[in-house]
Amino acid sequence: MLIGIAYRSDEFKLIPFEKEQINYEIFSPKEEDKYSKYDGFYLPGGDGWYKEDIKLIKYAKENNIPILGVCLGMQEISAFLLNEEKDITKKINNHNATEHLISIKKDSFLYNIVKREEIFVNSRHNDYIPKLSSLYVSARSLDNCIEAVEIKDNSFFLGVQWHPESLYEKDEASRRIFREFFLKCEENFSQKIHKKNR
């Protein structure tokens with residue numbers, strides 16, 4: 001199994017990958033010829049907008065490849081869901097360097113993973129998604145900021161606004177998100193091997 005991690009110019013945490021001894025490769029989504037080698041995609045947080053990530057998200061959706069977006073990655077997934085290829089975020093106050101409660105829809109894929117309607121999350125973002133169809137929104141903060149988006153009919157298509165990778169060592173909900181992601185990537189890998197050997 002190999003997970004492709006979208007390149008960012010700034011540092012991002014790989015704790016879940018290292019702790020679970022997951023094979024990964026950091027690559028540029030500009031390299032479309034590499035997409036098929038990966039069994040899942042991870043879009044970490046970052047400071048800039050990466051238009052080429054939209055192509056990667058589209059590929060994951062069309063081919064049912066597991067994809068997890070964090071912070072900026074979630075915002076890019078939201079842009080894809082709105083059929084946009086540009087930064088659609090707006091500035092928000094009181095969501096940087098803080099922790100707060102979020103409410104999770106009980107009929108959502110995210111709820112099926114964490115098994116809770118409310119969890120505390122860490123918040124490190126200055127921008128947010130101002131609107132999105134409620135069909136895709138699976139969690140919000142108490143001030144109504146969109147905190148998670150998903151597509152239910154894909155094996156794993158989830159974006160979260162917070163940083164579960166930073167909470168991985170102490171928070172069960174964060175571990176559940178990454179472990180479910182890794183499980184779906186492993187299942188995708190197994191399916192590819194099965195098809196190849198038929």
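Student: Which class does N64 fall in: buried, partly exposed or exposed?
Tutor: The model is predicted, with pLDDT of at least 70 needed for local features and 80 or more for side-chain atom pairs, whereas totals for chains, interfaces and linings use all residues. Numbering starts from 1 along each chain as its sequence is written, and side-chain values use heavy atoms, without hydrogens and water. Relative accessible area (1.4 Å probe, protein chains only) is called buried under 20%, exposed over 50% and partly exposed in between. Because N64 has 36% relative accessibility, its class is partly exposed.

Student: What is the phi of N64, and where is this residue found?
Tutor: N64 is not a glycine, yet its phi is positive, at about 55°. Its place is defined by DSSP runs numbered from the N terminus, with helices (H or I) of at least four residues and strands (E) of at least two. N64 is found in the loop between helix 2 (52–63) and strand 4.

Student: Which loop holds K115, and what is its phi?
Tutor: K115 is placed in the loop between helix 4 and strand 7. This residue, other than glycine, also has a positive phi, with a value near 60°.

Student: What share of the protein chain is buried?
Tutor: The share is taken over the 198 residues of the protein chain, and buried residues make up 52%.
The general background is that nonpolar side chains in soluble globular proteins tend to be buried together. For this protein chain, the buried share is 52%.

Student: Is D33 buried or exposed, and what separates its C-alpha atom from that of A148?
Tutor: D33 lies in the loop between strand 2 (24–27) and strand 3 (40–43). Because its relative accessibility is 67%, D33 counts as exposed. D33 and A148 are 115 residues apart along the chain, and their C-alpha atoms are separated by 29 Å.
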